[in-house]
Amino acid sequence: MEPQEVAAAAGVHPIELCVYSILSNNLDGIYQSVNDLRESQALLVVRLKQIRNLLKEEQEYYNEEEGLGVERERLEELELRVEKLTQKYKKLLADCV
Amino acid sequence: MRSIRKSGESTCPKKRRNYQFISIKQTSSFEALKTLPGLAPSKQLTPDAIFSVVQRELKQVKLDSLKINECVLHDISSEAAQTDKIEHQLQVSMRKLHRHYRRIIKRREVLENSTSRNIECCSAAVTKIEVLLESLKELSDPLVSLIYKKDARLPLKNRLSSDQGINRQHYPLLFEALKKYESNHKSQKNNQSAIPAQSRAPSCKSDTDLSALKEAPGQKNEASCEPKSGPESATPPCENNNSLHSSETSPVPEISSFTNQHTHLGTAKASIPEFMLMPQFRKASRASVITTYEQACHPCQVEDQEVFGKLAGSLHKNLDIRK
């Protein structure tokens, strides 16, 4: 089949076909690179969002966390209590003996 | 032919007239040549000429390709603008994230330091408490043994180790501690020598005196107070209880093991002598109190109302006389 016949069959002017064949490569290249750009940007956005969420979580965790203050207080109280008890026991023993 | 012509020319020009040409008019090849279309003029074959014929189409194609170019350029520029915007936003968020991250790292370090310090403090406190608990245990054992010995010196009825309800109700913790110690003690003694434990039990029995119930609480109080300083009379029992309770709770394992060993002996010892005495004593005491009341009331109910009336009358008389 001659190109002219193909063009006629498709209802396209042969000149159109020529122009298309000349430009299509470059157009495809442009399209491809634009697509790549968009994809990479989308990836970047997603990645940044993930990192932001992680940082937020950590921040919230730090905000909520109160450290070991309560435990320390409890331990100090326990220590005081035990010390007092030992003193009392020693006194008791001394008095008994 | 050529050679003939040459030879003719060279030889004699006259002979040329006589030469007969063979025309190609009648040949088939000439006919074929005639049928071929004539060549186009050279002017028409230059590119300019060719394109001048299709100038309209050419112009349209040119315009179209220009338009295509324009479209593509426009698209690309809009795409670039969009990309720039996105990139700008990305950079902004990136900077924000970077700042956030730095803050978090600082915070992390601070928290890490504080938690490590806290953990050190906590571990130090825990070890200290452990040491103190050990010493407490060591202190509590002789204390309990002292109490037990003092208790053993008391008459059987006044002992803490007896099964009197008042002891349990008033000093449950002390009672428990003593029981544990007792059980330990007995098991140890049993292990060492079975005879002394047996001989000791009867001696305890012999010590017992039938003293009034009212005395018991006071003596118990004394016994419980003994370890403490004398003057504090009212509050010490509770404190002792508390201290004993706390001491018991801390050295649980040893005492519990002791109690397990001792429980059999303790129950055996308590059951044989005290079982006999204590219930009788309880019954007797209650009965005495109740009977006195009943003796006072019973006659009134049983006897006739006359007798009651007489009694009442006599009482009234007595009152009148007193008045």
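This is a predicted model: local features need pLDDT of at least 70, side-chain atom pairs count only at pLDDT 80 or more; totals for chains, interfaces and linings use all residues.
**Ground rules**

I count residues from 1 along each chain as its sequence is written, with chains lettered from A and ligands numbered from 1 in the order in which they are written. Local features need pLDDT of at least 70, side-chain atom pairs count only at pLDDT 80 or more, and totals for chains, interfaces and linings use all residues, while side-chain values use heavy atoms, with hydrogens and water left out.

**Entry: the two chains**

I looked up the secondary structure, taking helices (H or I, at least four residues) and strands (E, at least two) as DSSP runs numbered from the N terminus. Chain A has 3 helices and 0 strands. Its elements run α-α-α from the N terminus. Chain B has 13 helices and 0 strands.

Next I checked burial. Buried means under 20% relative accessible area, exposed means over 50%, and partly exposed lies in between (1.4 Å probe, protein chains only). In chain A, 20% of the 97 residues are buried. In chain B, buried residues make up 26% of 323.

I also looked up the accessible area of chain A, using the Shrake-Rupley method with a 1.4 Å probe; for residues, only the protein chains shown count as cover. Chain A exposes about 7700 Å². Carbon and sulfur atoms supply 56% of that area.

**Entry: salt bridges**

How many salt bridges does the structure hold over all chains? I found 5. The rule asks for a side-chain nitrogen of Lys or Arg within 4 Å of a carboxyl oxygen of Asp or Glu.

I started with Glu58(A) and Arg108(B), whose side chains meet in a salt bridge at 2.5 Å, N to O. This pair crosses between chains, from helix α2 of chain A to helix α6 of chain B. Is Glu58(A) buried or exposed? Glu58(A) counts as buried, at 18% relative accessibility. Arg108(B) is partly exposed, at 32%.

Then I turned to Lys128(B) and Glu79(A), which meet in a salt bridge at 3.0 Å, N to O. Lys128(B) lies in helix α6 of chain B and Glu79(A) in helix α3 (residues 69-96) of chain A, so this pair joins two chains. Lys128(B) is partly exposed, with a relative accessible area of 38%. Glu79(A) counts as buried at 15%.

The next pair sits inside one helix. Lys137(B) forms a salt bridge with Glu134(B), the closest N and O atoms being 3.7 Å apart. They are 3 residues apart in helix α6 of chain B, which means about one helical turn separates them. Lys137(B) is buried, with a relative accessible area of 15%. Glu134(B) is partly exposed, at 41%. I also noted a network: salt bridges that share partners join Glu79(A), Glu83(A) and Lys128(B).

**Entry: surface patches**

I looked for patches next. Patch residues have over 30% relative accessible area and no salt bridge; like charges are joined within 9 Å, and nonpolar side chains (Val, Leu, Ile, Met, Phe, Trp, Tyr) within 5 Å. Lys and Arg count as positive and Asp and Glu as negative; His and the chain ends are not counted. The place of a charge is NZ of Lys, CZ of Arg, CG of Asp or CD of Glu.

I found a positive patch that includes Lys49(A), Arg52(A) and Lys56(A), along with Arg95(B), Lys96(B) and Arg99(B). Helix α2 (14-64) of chain A and helix α6 (55-153) of chain B each supply at least two of its residues. Which helix gives the most? I noted α6(B), with 6 residues. Arg95(B) lies in α6 of chain B and is partly exposed, at 49% relative accessibility.

I also found a nonpolar patch of about 370 Å², made by Ile50(B), Phe51(B), Val53(B) and Val54(B). Ile50(B) lies in helix α5 (residues 47-53) of chain B. Ile50(B) is partly exposed, at 44%.

**Entry: aromatic rings**

Last, I checked rings of Phe, Tyr and Trp (its six-membered ring), which pair if their centres lie within 6.5 Å; planes under 30 degrees apart count as stacked, over 60 as edge-to-face and the rest as tilted. I found 1 aromatic pair over all chains. The ring centres of Tyr61(A) and Tyr62(A) are 6.0 Å apart and their planes stand at 50°, so the pair is tilted. Tyr61(A) is partly exposed, with a relative accessible area of 48%. Tyr62(A) is buried, at 9%.
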